[in-house]
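Grab a pencil and work through these exercises with the model open beside you. Try each task yourself before reading its solution.

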Amino acid sequence: MQGAGKFCAKCQRGRFISEIASVNAALCGIRVTIMRVMQENTLKNNEPDLVSLAITIKAWGKELGFQDVRIADANADMSGVEEGLFEWLDKAYHGEMDYMAKHGTKRTRPAELVAGTQRVISVRMNHMPPQVKDSWAVINQGDQAFISRYALGRDYHKVLRARMQKLVDKISVEVGPFNYRVFSDSAPVMEVEWAQKSGLGWRGKHTLLLSRQAGSMFFLGEIYTDLPLPVDEAIGNYCGSCTKCIDICPTQAIVAPYQVDARRCISYLTIELKGSIPESLRPLIGNRIYGCDDCQLVCPWNKFAHITDESDFHVRNGMDDVTLMELFRWEKDEFETKLAGSPIRRIGHEQWLRNIAVGLGNAPSSTEVVDALQARLDDQSALVREHVQWAIQQHA
Ligand code: B12
Ligand code: SF4
């Protein structure tokens with residue numbers, strides 16, 4: 001007789017059991033145990049619970065400071081990407097970045113890097129600092145130093161990896177031990193490609209990932225995992241016929257849509273290249289002494305870029321509003337102290353002076369500029385001396 005019975009709280013399923021009220025407590029206990037085992041197995045094996053796990057992971061990711069978290073199938077077809085990578089390497093577009101050529105198909109095949117990888121969880125984190133001096137105002141004022149916006153605060157590698165580790169720790173508490181590795185620009189991983197496959201955004205013609213919600217002013221990170229989570233869909237490409245990034249590039253490094261010849265890119269020339277900067281490119285670098293943002297600054301989607309929530313990425317030491325001359329005066333210990341924790345410190349004092357010398361060579365002529373350059377004519381580094389001589393000639 002339904003409706004008149006009593007509800008068994010232990011069973012938690014809302015079933016009426018009036019007709020079995022006489023069943024003893026021991027039998028009810030066994031039933032509850034069986035149901036619990038079934039529920040646990042469901043959580044481990046069944047798709048619906050992986051669906052809720054994926055939802056939970058995304059919510060936790062956002063709580064931990066990522067603006068978006070999405071999932072791609074690590075076994076997805078990467079043949080075209082592999083072809084693109086090898087073609088890029090064959091053309092020697094990677095310049096002296098030997099690490100780009102070193103890992104073969106490990107870069108495109110996650111399971112070759114971390115055995116058993118089933119999914120790539122991609123995350124993104126905004127990096128635009130608040131109250132930062134307008135980029136174009138700095139770029140157009142030749143005696144100022146332009147530093148890429150992402151590098152004005154703390155080094156992102158550690159920030160992102162530590163945050164992804166926290167996400168992994170939370171997942172472990174929920175599902176028990178599982179296999180994973182976290183990366184952010186720290187291993188042979190095609191980060192933009194995985195982010196694109198997961199629908200975190202689409203690849204712009206400058207090759208960077210773009211989001212309709214946030215432009216491109218963010219970092220990417222990944223968690224390789226063996227958890228067979230449900231995967232997200234890629235989204236469309238919203239660049240249309242726009243070619244602003246290609247047209248603005250000061251060194252014409254975007255040699256075709258989706259193809260950057262790194263050897264011409266100012267980011268490569270000022271950060272990755274250890275030796276002499278090709279003379280033909282020096283005048284085109286202007287006052288960009290660490291990285292370059294032009295292709296992003298001009299992109300219409302970056303009107304949607306957001307200020308970062310991370311105090312780690314806030315401007316340190318007024319590096320958004322500083323003259324080339326002031327930075328050129330820093331000796332090695334000042335460079336190391338002032339830039340402790342900054343990504344800029346990685347290039348070292350010698351490369352730093354090399355870059356600023358190029359900037360000063362391109363700066364408006366004045367006796368102060370020439371005097372500052374002359375003061376470094378006897379620098380202990382041959383690399384610095386050569387760039388200083390070039391810079392002085394520009395003012396002759
Ligand atoms: C090497 C590298 C560089 C090199 C080379 C850049 C490049 N485009 O390859 C240099 C030093 C120049 C560089 C510069 C910058 N970088 Co960088 N860089 C990387 C790194 C380590 C690897 C990129 C890579 O795999 N290149 C290999 C080439 C073959 O790949 P690709 O250019 O993406 O080309 C692919 C497609 O374009 C495709 N393709 C070729 N032809 C065609 C045709 C069509 C029609 C299509 C659809 C595709 C296609 O083939 C290729 C394979 O898929 C990643 C981190 C990582 N591990 O992924 C960061 C990364 C890409 N860089 C990043 C950043 C921020 C920058 C700079 C903005 C820094 C700065 N402000 O100075 C600049 C931007 C310059 C630019 N326009 O790319 C971020 C990008 C974040 C984002 N929003 O996308 C990353 C993801 C680092 C991170 N974790 O945040 N970088
Ligand atoms: S970062 Fe600067 S130099 Fe490099 S591709 Fe973009 S606009 Fe060109």
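**Exercise 1.** Which helices and strands each supply at least two residues of the shell around ligand 1?

*Solution.* Start with the list: α3 (79–90), α8 (191–198), β7 (218–225), β9 (259–260) and α10 (266–272). Helices (H or I, at least four residues) and strands (E, at least two) are DSSP runs, numbered from the N terminus. Next, pick out the top giver: α3, with four residues.

A quick note on the model: it is predicted, so local features need pLDDT of at least 70 and side-chain atom pairs count only at pLDDT 80 or more, while totals for chains, interfaces and linings use all residues. Residues are numbered from 1 along each chain as its sequence is written, and chains are lettered from A and ligands numbered from 1 in the order in which they are written.

Now zoom in: of the 36 residues around ligand 1, G84, E191, L209, S267 and G291 come nearest. (A residue is near a molecule if its C-beta atom, placed from the backbone, lies within 6 Å of it.) Finally, sort the shell by class: 21 nonpolar, nine polar and six charged. Here Ala, Val, Leu, Ile, Met, Phe, Trp, Tyr, Cys and Pro count as nonpolar, Asp, Glu, Lys and Arg as charged, and the others, Gly among them, as polar.

**Exercise 2.** Which residues are closest to ligand 2?

*Solution.* Look through the 13 residues surrounding ligand 2, and you'll find C249, C265, C292, D294 and C295 closest. Then check the helices: α10 and α12 (294–297) each supply at least two residues of this shell. By class, the shell around ligand 2 has nine nonpolar, three polar and one charged residues.

**Exercise 3.** How do the axes of α16 and α17 cross?

*Solution.* First, find helix α16 (residues 367–374) and helix α17 (residues 382–394): their axes come within 9 Å and cross at roughly 160°. (Axes are lines fitted to C-alpha atoms, for helices over the stretch in contact, and angles run from 0 to 180 degrees between N-to-C directions.) So α16 is roughly antiparallel to α17, a label for angles over 145 degrees.

**Exercise 4.** Are α15 and α17 roughly parallel or antiparallel?

*Solution.* Take helix α15 (residues 348–362): its axis and that of α17 come within 8 Å and cross at roughly 5°. The two are therefore roughly parallel, the term for angles under 35 degrees.

Technical notes. Angles under 35 degrees count as roughly parallel, over 145 as roughly antiparallel, 65 to 115 as roughly perpendicular and the rest as oblique.
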